[in-house]
Amino acid sequence: MYSLGLMSSLTTLQHDGSAVLMKDSKVIFAIEEERLSRNKHAISEIPINSIKAALKYKNLQMKDIKSVHVSSTSKDLKKRVESYLIHHFGYSPDVILENHHLCHMASSFFHSGFKESMIVSIDGVGDKVSTALGFGRANKIKILETKGLVQSLGIFYQTMTQLLGFNSVGDEYKLMGISAYGKKRIDLDKIIKLESVDFKINKSFYRKRLTYHNFS
């Protein structure tokens, strides 16, 4: 049985779209859209080229695909994905929406070799959650605690990246690289405060001074 996993650009302003072809739950092909469209990060691009490449790898038609899995549970996303697939391929398999942070956790835990583990997913935002703490055991993962949009370390990181003149989506690694050469410390306690086992972002600062995308 074949299935497809799709990432990104199926929700507003997402990035790094990709497609994964699986047979009997085993990954046999994967590719990112930017490799085919030649647009870095393929921002807001539906990964149609990636889907075509995945199907071509096994000489499949869309009707040969049992199900399509998308890493988001955004409202109306199922209908939109079905419409995309019907428009481009003339047919849509069953579309299954997966929790965004569970997808992040699964990609780490199920390849770790550990029988059980605590798992942390820190993102910009996905399914209105920015950080998720979970526990994995055997073939199951349970999310124990989450933080919402305003408490997003990812958006904080993007904001600092943009403030320094870089692109907020995709240039974060540049900021990480040059940080090692910094000689001056700046106190950001008014924006983000570290506690003994947690962190807290100043909500009023975001509301008054920062603009961020409300990613789904």
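Visitor: Let's start with Q151. Which residues does Q151 touch?
Guide: Leaving out residues up to four places away in sequence, Q151 touches S130, F199, K200, I201 and K203. Keep in mind that this is a predicted model.

Visitor: And where does Q151 lie?
Guide: You'll find Q151 in the loop between β8 and α5, with α5 covering residues 153-163.

Visitor: What does the side chain of Q151 reach?
Guide: The backbone nitrogen of I201, at 2.7 Å.

Visitor: What caps the N-terminal end of α5?
Guide: S152 does: one of its side-chain oxygens lies 3.3 Å from the backbone nitrogen of G154. Just after α5, G165 takes a positive phi of about 95°.

Visitor: Tell me about α4, then. Which of its residues are buried?
Guide: α4 spans residues 100-109, and H100, H101, M105, A106 and F109 are buried in it. Those buried residues pack against β1, β6 (116-126), β7 (129-137) and β8 (140-147).

Visitor: What happens at the start of α4?
Guide: A side-chain oxygen of N99 comes to within 3.0 Å of the backbone nitrogen of H101.

Visitor: You mentioned β1. What's the strand order in the five-strand sheet?
Guide: β3-β2-β1-β4-β5, in an open sheet with mixed pairing. β3 (26-32) and β5 (94-97) sit at the edges with a single partner strand each, so one side of each has no neighbour in the sheet. On average, neighbouring strands here are turned by 20° against each other, direction ignored.

Visitor: Remind me, what does mixed pairing build on?
Guide: Strands of a sheet pair through backbone hydrogen bonds, and the pairing can be parallel or antiparallel.

Visitor: How do β1 and β2 run?
Guide: Antiparallel, joined by six bridges. S3 stands opposite M22 in β2, and M22 in turn has V27 in β3 as a bridge partner.

Visitor: What about β2 and β3, how many bridges there?
Guide: Six, again in the antiparallel sense, with β2 taking up residues 18-23. L21 is bridged to F29 in β3. β2 and β3 form a hairpin with two residues between them, and D24 in the turn has a positive phi of about 50°.

Visitor: Which helix packs on this sheet?
Guide: α2 (residues 48-57) does, touching β1 (2-7), β2, β3 and β4 (65-70), and its direction makes about 140° with that of β3.

Visitor: At what angle do α2 and α3 pack?
Guide: About 65°, with their axes 12 Å apart; α3 covers residues 77-89. Their crossing is right-handed.

Visitor: Which residues make that contact?
Guide: I48, I51, K52 and L55 from α2, with L85, H88 and F89 from α3. By class, that contact has five nonpolar, one polar and one charged residues.

Visitor: Last one: Q14. Where is its place?
Guide: Q14 is in the loop between β1 and β2. Q14 counts as buried, because its relative accessibility is 7%. C-alpha to C-alpha, Q14 and S50 are 15 Å apart in space and 36 residues apart in sequence.

Key:
Residues are numbered from 1 along each chain as its sequence is written. This is a predicted model: local features need pLDDT of at least 70, side-chain atom pairs count only at pLDDT 80 or more; totals for chains, interfaces and linings use all residues. Side-chain values use heavy atoms; hydrogens and water are left out. Two strands pair if DSSP finds at least two bridges between them. Helices (H or I, at least four residues) and strands (E, at least two) are DSSP runs, numbered from the N terminus. Axes are lines fitted to C-alpha atoms, for helices over the stretch in contact, and angles run from 0 to 180 degrees between N-to-C directions. Contact means heavy atoms within 4.5 Å. Buried means under 20% relative accessible area, exposed over 50%, partly exposed in between (1.4 Å probe, protein chains only). A polar contact is a pair of N or O atoms within 3.5 Å; within protein, one must be able to donate a hydrogen and the other to accept it, and residues adjacent in sequence count only if both atoms are side-chain atoms. A crossing is left-handed if the near helix is turned anticlockwise from the far one by less than a right angle, and right-handed if clockwise. Ala, Val, Leu, Ile, Met, Phe, Trp, Tyr, Cys and Pro count as nonpolar, Asp, Glu, Lys and Arg as charged, and the others, Gly among them, as polar.
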